[in-house]
Amino acid sequence: MTAKASRIVAIAGDPGGAAAVAPVLELLSQEGRSLHALAYRQAVANWRGRGLEVEELAHSTNLEQAQRYLGDFRADILLTATSDNGVNLEKPFIAAARRLGIPSLAVMDHWMNYRLRFANEKGELAYLPDRVAIMDEQAREEMLADGLDAGRLAVTGQPAFDELASLRRSITPQQRQAVRQLLGVARDERMVLFASEPISTICGTEPSQPLYPGYTERTVLRDLAAALGRIAERRTEKIVLVVRPHPLDNPESLRLSANPPLRLVVDSRGQGREVVLAADLVTGMTTMLLVEACLLGCVVLSVQPGARLADALPTNRWGVSRGIYRAEDIEPALTSLLFDETARVDAVARTANIRIEPGAAKRIVHLLDSLLDAARP
């Protein structure tokens with residue numbers, strides 16, 4: 001059997017992982033491959049929204065059930081995302097593939113929590129696939145430092161980034177304005193976007209919790225709203241803080257009161273990439289949407305006051321987004337990036353220095369085929 005005639009089973013749960021694997025699945029479908037997509041949580045809507053046929057998995061799916069799925073589909077290879085959501089169905093499928101002697105390939109989507117994505121409750125790397133497709137050399141070095149095997153790591157790029165360069169070139173002022181109208185942003189308002197992420201759910205809210213980074217989405221939003229309120233009042237500027245909930249967020253927990261002339265709205269409408277392009281300033285903590293905003297040429301501020309852990313946002317380390325780690329620095333940074341035209345032009349210019357090689361999805365398909373060729377008797 002040739003690689004192209006092989007049967008592929010894919011699985012994802014988190015929205016970031018689903019977005020990374022989706023371009024690979026689309027390419028496999030275009031090539032007429034035999035593909036069975038399994039999804040849970042936010043990956044179901046993500047993949048179906050891209051026109052992929054998906055079977056939804058129960059959250060209770062265990063190792064034996066995963067083994068039956070792979071056996072029933074007569075899978076020749078397993079392709080997975082790398083979720084870290086408390087359900088983590090990728091893990092029993094990786095274990096089942098190992099039992100059945102089926103090669104497995106996982107796709108990383110973010111520069112954080114490397115070891116957690118493959119570890120059991122004791123922290124042991126019990127769910128390592130045969131190969132892991134990773135974003136860049138920085139991720140490789142950090143994963144090696146976390147104890148992952150160099151022989152399993154393959155630098156392919158992040159497939160979700162493949163289409164960003166063309167989107168950056170093609171977006172028009174009319175499209176930006178249409179998104180602002182959708183969100184109720186007036187022409188004379190400065191639009192600041194807060195791209196939230198479920199830190200309190202995943203990392204906890206107490207300093208005693210090992211993954212607690214020193215802040216949560218709510219504390220950062222509160223500090224941002226307070227600083228923007230002071231700026232709006234001092235400068236008599238109309239500013240609207242648009243809060244975009246993460247799919248795992250409780251939107252009601254993000255609804256804070258704001259004093260005029262600042263407005264605060266919580267709204268998840270529109271595509272994330274289009275919304276960041278419509279904003280005058282994109283803020284958040286470490287969400288992948290901030291990385292995409294940088295790649296799209298946006299002015300980006302990462303707010304991590306009281307950070308206790310290493311900064312997980314790569315664009316801060318690349319020098320193309322600005323990282324803030326003390327609460328007292330938030331207001332000056334907001335003022336600069338909203339109203340200092342020189343600072344704004346410099347911020348956009350820095351984004352042009354990012355070098356992302358397109359074609360990550362193709363490289364992952366080639367990696368998948370090499371695993372299939374190696375597994376053939």
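A salt bridge is a side-chain nitrogen of Lys or Arg within 4 Å of a carboxyl oxygen of Asp or Glu. K238 forms such a pair with D188, the closest N and O atoms being 3.0 Å apart. Because K238 lies in the loop between helix 9 (217-235) and strand 9 (239-244), and D188 in the loop between helix 7 (173-182) and strand 8 (190-195), the pair ties together parts that are 50 residues apart in sequence. The model is predicted, so that local features need pLDDT of at least 70 and side-chain atom pairs count only at pLDDT 80 or more, while totals for chains, interfaces and linings use all residues. Residues are numbered from 1 along each chain as its sequence is written, and side-chain values use heavy atoms, with hydrogens and water left out.

A search of the whole structure finds 22 salt bridges. E31 forms one with R33, with the closest N and O atoms 3.1 Å apart, and D369 forms another with R33, at 2.9 Å.

Elsewhere, Q158 lies in the loop between strand 7 (153-155) and helix 6 (164-170). A polar atom of the Q158 side chain lies 3.1 Å from the backbone oxygen of D109, and a polar atom of that side chain lies 2.7 Å from the backbone nitrogen of A160. Leaving aside neighbours within four places in sequence, Q158 is in contact (heavy atoms within 4.5 Å) with residues including A20, M135 and A360.

Note on methods
Helices (H or I, at least four residues) and strands (E, at least two) are DSSP runs, numbered from the N terminus. A polar contact is a pair of N or O atoms within 3.5 Å; within protein, one must be able to donate a hydrogen and the other to accept it, and residues adjacent in sequence count only if both atoms are side-chain atoms.
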